[in-house]
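User: I would like to learn how to read a model of two chains. Could you take me through it one feature at a time?

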Amino acid sequence: MYSALFAAGIDNHLWYALPLIIVVSLVYAATRHEQVVPILTHAVRVGLWIIGFMAVIFVLMLLISWWL
Amino acid sequence: MSEQPDSEQSVDLKDPALAAFLAWLVPGLGHLYQGRIVKAGLFFVCIMGTFVYGLYLGGSKELGWGRVVYFSWGQEKRLPYLCQVGIGLPAVPALVQAGRMEGLKKVWLGGFMAPPRAQSAGPPQLDSYGKPIDPNFDQPTANTLHERLHYYFDLGTVYTMIAGLLNILAIYDAWGGPVFGERKKV
């Protein structure tokens with residue numbers, strides 16, 4: 001079971017979202033600040049916000065799939 | 001040396017219109033012109049990296065690279081190109097290739113950023129010497145691209161679209177400066 005979960009984790013299309021989340025967070029934060037430290041701090045916040053948003057959508061879809 | 005708080009950071013935008021144009025031309029070039037080296041590097045690496053990875057995903061050795069960035073406004077309206085062209089010069093080869101395809105000239109670089117060939121029912125039409133009239137008869141059709149690249153076609157499209165859209169943010173930053181910063185008074 002663990003190997004199946006591990007395989008599902010490795011071979012998951014969601015991994016393609018990770019570079020996008022990093023890049024979008026960095027570029028968005030860089031348009032807000034001029035110095036490196038505030039850019040990185042803001043980027044982490046934006047990244048976490050995006051992941052949280054995706055998680056909420058995931059849970060919603062999961063619940064809908066259970067009901068349907 | 002005391003560090004200036006971010007909110008009080010003043011930025012010399014030089015000529016904002018020129019900086020915005022340069023930022024569109026190549027990601028980060030507008031910031032380089034303004035002397036904002038770190039941000040120029042960050043924008044260039046992030047945006048070009050995303051675009052190039054999208055080109056890699058949306059292509060193959062067999063089909064040619066960069067198959068997801070192409071211009072077509074005939075039968076198929078390639079709307080993603082409107083987002084992709086936000087990256088500027090790196091997306092311009094698609095316009096050249098579309099022009100060559102339209103003018104029945106052989107596309108360059110093995111079809112890099114060339115639009116897919118229109119779907120034809122039969123074998124290619126031949127001229128009196130037995131050569132195909134369309135020099136691009138060997139180019140893949142849209143169906144072939146989708147079939148061979150599978151979901152990588154969509155992934156490559158999304159990556160290159162996001163790169164183009166992110167560059168619009170960078171262009172705005174080159175033109176107007178950072179949101180929480182302060183422009184240098186002239």
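This is a predicted model: local features need pLDDT of at least 70, side-chain atom pairs count only at pLDDT 80 or more; totals for chains, interfaces and linings use all residues.

User: How many of the residues count as buried in chain B, and in chain A?

Analyst: A residue is buried if 20 or more other C-beta atoms lie within 10 Å of its own, exposed if 12 or fewer, and partly exposed in between, with C-beta atoms placed from the backbone. Of the 186 residues of chain B, 41% are buried; of the 68 residues of chain A, 21% are.

User: What is in contact between chain B and chain A?

Analyst: Two residues are in contact if their C-beta atoms, placed from the backbone, lie within 7 Å. Here 21 residues of chain B are in contact with 15 residues of chain A. On the chain B side, the elements that give two or more residues are α3 (37-57) and α7 (151-176). That side divides into 15 nonpolar, three polar and three charged residues. For these classes, Ala, Val, Leu, Ile, Met, Phe, Trp, Tyr, Cys and Pro count as nonpolar, Asp, Glu, Lys and Arg as charged, and the others, Gly among them, as polar.

User: How are two packed helices described?

Analyst: The general idea is to give the angle between their axes and the distance between the axes. Axes are lines fitted to C-alpha atoms, for helices over the stretch in contact, and angles run from 0 to 180 degrees between N-to-C directions. In this model, the axes of α2 (residues 17-30) of chain A and α7(B) come within 10 Å and cross at roughly 15°.

User: Why are α2(A) and α7(B) called roughly parallel?

Analyst: Angles under 35 degrees count as roughly parallel, over 145 as roughly antiparallel, 65 to 115 as roughly perpendicular and the rest as oblique. With their crossing at roughly 15°, α2(A) and α7(B) are therefore roughly parallel to each other. From α2(A), the contact takes in A:Leu20, A:Val23, A:Val24, A:Val27 and A:Tyr28, and from α7(B) it takes in B:Ile162, B:Leu166, B:Leu169 and B:Ala170. By class, that gives nine nonpolar, no polar and no charged residues.

User: Which residues of α2(A) are buried?

Analyst: A:Val23, A:Val24, A:Ser25, A:Leu26, A:Val27, A:Ala29 and A:Ala30 are. Their cover includes α3 (36-67) of chain A together with α3 and α7 of chain B.

User: Where do the axes of α1(B) and α7(B) come, and how do they cross?

Analyst: The axes of α1 (residues 16-25) of chain B and α7(B) come within 8 Å and cross at roughly 160°. That makes α1(B) roughly antiparallel to α7(B). The contact joins B:Pro16, B:Ala19, B:Ala20, B:Ala23 and B:Trp24 of α1(B) to B:Asn167, B:Ala170, B:Ile171, B:Ala174 and B:Trp175 of α7(B).

User: Is B:Leu169 buried or partly exposed?

Analyst: B:Leu169 lies in helix α7 of chain B, and it counts as partly exposed, with 19 C-beta neighbours inside 10 Å. Leaving aside its neighbours within four places in sequence, B:Leu169 is in contact with A:Val27, A:Tyr28 and A:Thr31.

User: What should I know about phi, and what is phi of B:Leu104?

Analyst: Most residues other than glycine have a negative phi. Phi of B:Leu104 is near 55°, a positive value in a residue other than glycine. B:Leu104 sits in the loop between α5 (93-102) and α6 (142-149) of chain B and is exposed, with 10 other C-beta atoms within 10 Å. B:Leu109 has a positive phi of about 50° and lies in the loop between α5 and α6 of chain B. With 12 C-beta neighbours inside 10 Å, B:Leu109 counts as exposed.

Terms used. Residues are numbered from 1 along each chain as its sequence is written. Chains are lettered from A and ligands numbered from 1 in the order in which they are written. Helices (H or I, at least four residues) and strands (E, at least two) are DSSP runs, numbered from the N terminus.
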